[in-house]
Amino acid sequence: MAEGLYLEVVTGKGSVVGVEVEEVRLPGELGELGVLPGHTPLLTALGIGRLLYTIGGQERQMVITQGFAEVLPDRVTVLARAVRLPNEVDPEVEQRIFEEATTALKTANADDFAEITRRLRTAEACLEISA
Amino acid sequence: MANTRDLQRRIRSVKGTRQITKAMKMVAAAKLRRAQTAVAEARPYADTLAKVLARVASRTEYDHPLLKRREAGHVWVVVISSDKGLCGSFNASLLREAERELRAPAQWDGAEIVAVGRKAADYFKAQDYAVAHEEREIMSNLGPEDGPRLAQMCIKAFNSGQVSGVWVIYNRFINLIRHETTLERLLPIEPPRMDERGPTDEMVDYLYEPDPAALLDTLLPGYVEARVQTALLDSAAAEQAARMTAMEAATKNAGEMIDSLTLLYNRTRQAAITKELIEIVSGAQAPAE
């Protein structure tokens, strides 16, 4: 039925990518999920993590922090709070944030916990794509 | 007849004013460009979100508190004005329109104002309207968090049953010389409609992950946030455009005024010279007679 898969990533700061891809892997809230053309319609919340997509056998990636994705047989629409591209990530800065958050986590109370985990996960994902 | 010195002084003062209005026009033009970029950046998100919601709406009979119509009751009207003046009829037409809507009894039983921008805040306070919330000094420095914050406030009031609906009235940016005062319902959410295209046989319901209720819980507030943000950005762009047009007109008027004053000045000067000449000539002729 569907031949290609069109990936569109949009944030509050505009459209980030809009390309034909072969495969997309999304950081779903309940774990990573892969999407190939012809996928059944799906609406999913996204957590913090890597979004990977393949064009011509080449894999590209970015970090997504929260949002959701609509999957249709021939297109994937990702609406994200924020997106970080590999060239926007400074590994040293992220490493520092990561370490700071790790220490902060030990003393965190319930209120800060979510916020610190969010920072930690973002930094972690950023480090992954810059590696 | 005015004397030449007064005229000179007036010409100088109008020239000074012209310089100021010209500078303000340039500033507005620069700010407008920035505001337009912001609108262009925010638009894809709001549009895509609306499209997704439209598709969701056409596939499922979903139900959510934010979508439920309530019995007519007390509502909030968010009026988005500007913080600063000198932008032509921008605020005047908006406030007039808002007041007309508030007086029209058909839509709601009673309304409280959420005034955004100093102009609306001052106006509704002076007019003794019930003002539920004021937001001053926000339009001149609009951040990405302002829309969501306002939207969350409205959602909270709606969910707690304090209001039965939220409307927003703002100037929508059309082009440089035109803006349109628009009244829209924010809550309860009216699911955007899908444009008639796409095969209907593919209308299978989505799989939802984690589950429909949880998804709509994030999707719908997100939609409200995006709409408020778009309205704010649109109004900010329209404001700068209105100011630019107003200042351009003021600069032109000042120019015309300078021209007519200069003409008057020259005439007065000429008349004085002529008068003096006549006096000299007739003075010289007098003893000869």
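Guide: What follows describes the pocket, then the confidence scores. This is a predicted model, in which local features need pLDDT of at least 70 and side-chain atom pairs count only at pLDDT 80 or more, while totals for chains, interfaces and linings use all residues. Residues are numbered from 1 along each chain as its sequence is written, chains are lettered from A and ligands numbered from 1 in the order in which they are written, and side-chain values use heavy atoms, with hydrogens and water left out.

The largest pocket holds about 1,400 Å³ of space (a pocket being, on a 1 Å grid over the protein atoms alone, an open set of points where a 1.4 Å probe fits, with protein on both sides within 12 Å along at least five of seven lines, and lining residues having an atom within 4 Å of a point; the volume is the space filled by probe spheres set on the points, which are joined across faces, edges and corners). Of its 49 lining residues, Gly143(B), Pro144(B), Glu145(B), Pro148(B) and Gln229(B) are the closest to the centre. Two or more lining residues come from each of strand 5 (42-55), strand 6 (58-72) and strand 7 (75-84) of chain A, and from each of helix 1 (4-59), helix 4 (146-159) and helix 5 of chain B (DSSP runs numbered from the N terminus, helices being H or I of at least four residues and strands E of at least two). Helix 5 of chain B gives the largest share of this lining, 15 residues.

As for confidence, chain B has a mean pLDDT of 87, with 92% of its residues at 70 or more (pLDDT is the predictor's confidence in each residue, from 0 to 100). Within chain B, the highest mean, 92, belongs to helix 3 (residues 118-126), and the lowest, 81, to strand 6 (residues 207-209). The model scores ipTM 0.80 and pTM 0.84.
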